Amino acid sequence: MNIAIVGSGYVGLVSGACFAETGVDVTCVDIDAEKIARLQQGIIPIYEPGLDELVRRNFEAGRLHFTTDLASCLDNVELVFSAVGTPPDEDGSADLRYVFDVARTFGRNIKKYTILVTKSTVPVGTAARVRRLIEQELRERGAEVPFEVASNPEFLKEGAAIKDFMSPDRVVVGVESERARKVMERLYRPFMLNNFRVCFMDIPSAEMTKYAANAMLATRISFMNDIANLCELVGADVDMVRKGIGTDARIGSKFLYAGCGYGGSCFPKDVKALAHTGREHGYTMRVIEAVEEVNERQKSVLFHKIERLVGGVAGKTVALWGLAFKPETDDMREAPALTIIDRLLAAGATVRVFDPVAMNECRRRIGDRVVYCRDMYDAADGADAAALVTEWKQFRTPSWSSIRRLMRGDIIVDGRNIFDRHELEQEGFRLESIGK
């Protein structure tokens, strides 16, 4: 089976490599010629555990190809996946210009029955707009070529994307015909052999499922952060509360961890886009808008704690452990660290930072406004306070005695609730957590 995937970013590259691993012949397409050239040399543009080896193996086996020209491969493929970016516009809506560019190129060049499958996260109704664009291009060509559109949203977790793709808990596919369904079944047959669920549905429902899933997870995070903030005021421990409600089978224990807010490429923009879709249809998504409001406020919680504990941060030095929005990725899109850094610098602090993989990404985003350090110990050197922002495993059990000798102050702010209070107090630290 031959397919093309347009967009060689996080979703497109992971999807392409994983499909190739099952024996599919995959051509990854991207307009960035430099990125394509680097991929052909085995240089991966993103950090994702195991991805470099997966790409290399399938590229060398001849199952994974890279090009900048979608038109050149359309004659040989049955499916084209659109996995281009849909960044948020200023009003929170999804910017669909790249999705529509793919549709136009598809319409200008197809010569046989081909399915265009949207894998990017797009608002409900996008597939219908894509269909109209393709039909318009075919009319302008004076061509009658059969085609279909479909929706196949991704549910990959950064840091565990390959496992999620190869062992999915479900695959959501929106189609309009039995013919398209059979093509998609053939593509996903290797995954169905292990009883993984492929949920076929209409296209608008598939588009909505992606947004609803991410909005639900974001809601659980913001809900627990709201509870955590109240716990601090009433003297409760959010970890005890989490365990108490997580044992209820109707609630479950996942995504109930309080912290300093969520970030990344999905939750922030999808929550905004879902709220915007509601407004477009004259409906206010009150819960969803509150989820976003709580999260934006939560990103400043660590700054306020540090400021209060050190008696004002002007002239003080603060160490930040972790920059990526979560462990096992270098992604800093909407990362809480960016908000914390901005607040600290604006208040006159010196900020020393370390992250195992996101240092280059941080430098690309904010330049040399902060001090980049070799490790968490170097970051703590001379600091009045240190804050855990991203819960990388290597931060979990450091030598606290060494850190105490390096730091000028004694404040540790735990933005992910992973440190042991008794252990730190024995070393002479004052620990502040979330919701305790």
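Because the model is predicted, local features need pLDDT of at least 70 and side-chain atom pairs count only at pLDDT 80 or more, whereas totals for chains, interfaces and linings use all residues. Residues are numbered from 1 along each chain as its sequence is written, and side-chain values use heavy atoms, with hydrogens and water left out.

The protein has 17 helices and 14 strands, where helices (H or I, at least four residues) and strands (E, at least two) are DSSP runs numbered from the N terminus. Along its principal axes, the C-alpha trace spans about 75 × 45 × 40 Å. For 436 residues, a compact globule would have a radius of gyration near 22 Å, and the 24 Å of the protein agrees with this; the radius is taken over C-alpha atoms, and the globule rule is 2.2 Å times the number of residues to the power 0.38. Of the contacts with a separation of 6 or more, 73% are between residues 24 or more positions apart, a contact being heavy atoms within 4.5 Å.

The accessible surface comes to about 19,100 Å², and 50% of it belongs to carbon and sulfur atoms; such areas come from the Shrake-Rupley method with a 1.4 Å probe, and for residues only the protein chains shown count as cover. Buried residues make up 53% of the 436 residues, where buried means under 20% relative accessible area, exposed over 50%, and partly exposed in between (1.4 Å probe, protein chains only).

In soluble globular proteins, nonpolar side chains tend to be buried together. Here the largest nonpolar core has 61 residues, and those with the most contacts inside it are Leu320, Trp321, Leu323, Leu344 and Ile412; helix α12 gives the most to this core, with 6 residues. A nonpolar core is a set of buried Ala, Val, Leu, Ile, Met, Phe, Trp, Tyr and Cys residues joined through side-chain atoms within 4.5 Å. Leaving aside neighbours within four places in sequence, Leu323 is in contact with residues including Met332, Ala335, Ile341, Val353 and Met359. A second, separate core of 43 residues includes Phe19, Leu54, Ala150 and Phe191.

Helix α12 itself, residues 301-310, is mostly covered, with 7 of its 10 residues buried. Among them are Val301, Leu302 and Phe303, and also Lys305. The helix is followed by Gly311, whose phi is positive, near 75°.

The structure also holds 40 salt bridges, each a side-chain nitrogen of Lys or Arg within 4 Å of a carboxyl oxygen of Asp or Glu. In one of these, the side chains of Lys210 and Glu154 meet at 3.3 Å, N to O, and the pair links distant parts of the chain, with Lys210 in helix α8 and Glu154 in the loop between β6 (147-151) and α6 (161-166), 56 residues apart. Lys210 counts as buried because its relative accessibility is 2%, and Glu154 is buried at 7%.

Asp331 forms a salt bridge with Arg333, the closest N and O atoms being 2.8 Å apart; Asp331 is buried at 7% relative accessibility, whereas Arg333 is partly exposed at 37%. Asp410 and Arg430 form a further salt bridge, with their closest N and O atoms 3.3 Å apart. Glu21, Glu53, Arg56, Arg57 and Glu60 are linked in a network of salt bridges.

Met192, in helix α7 (residues 178-192), is partly exposed at 32% relative accessibility and, apart from residues up to four places away in sequence, touches Glu185 and Val198. Arg242, in helix α9 (residues 238-246), counts as buried at 14% and, with neighbours within four places left aside, is in contact with Met224, Leu256 and Tyr257. Ala273, in helix α10 (residues 267-280), is buried at 3% and touches Gly92, Ala94 and Tyr211, again not counting residues up to four places away. Val234, by contrast, is found in helix α8 (residues 203-234) and is exposed, with a relative accessible area of 59%.
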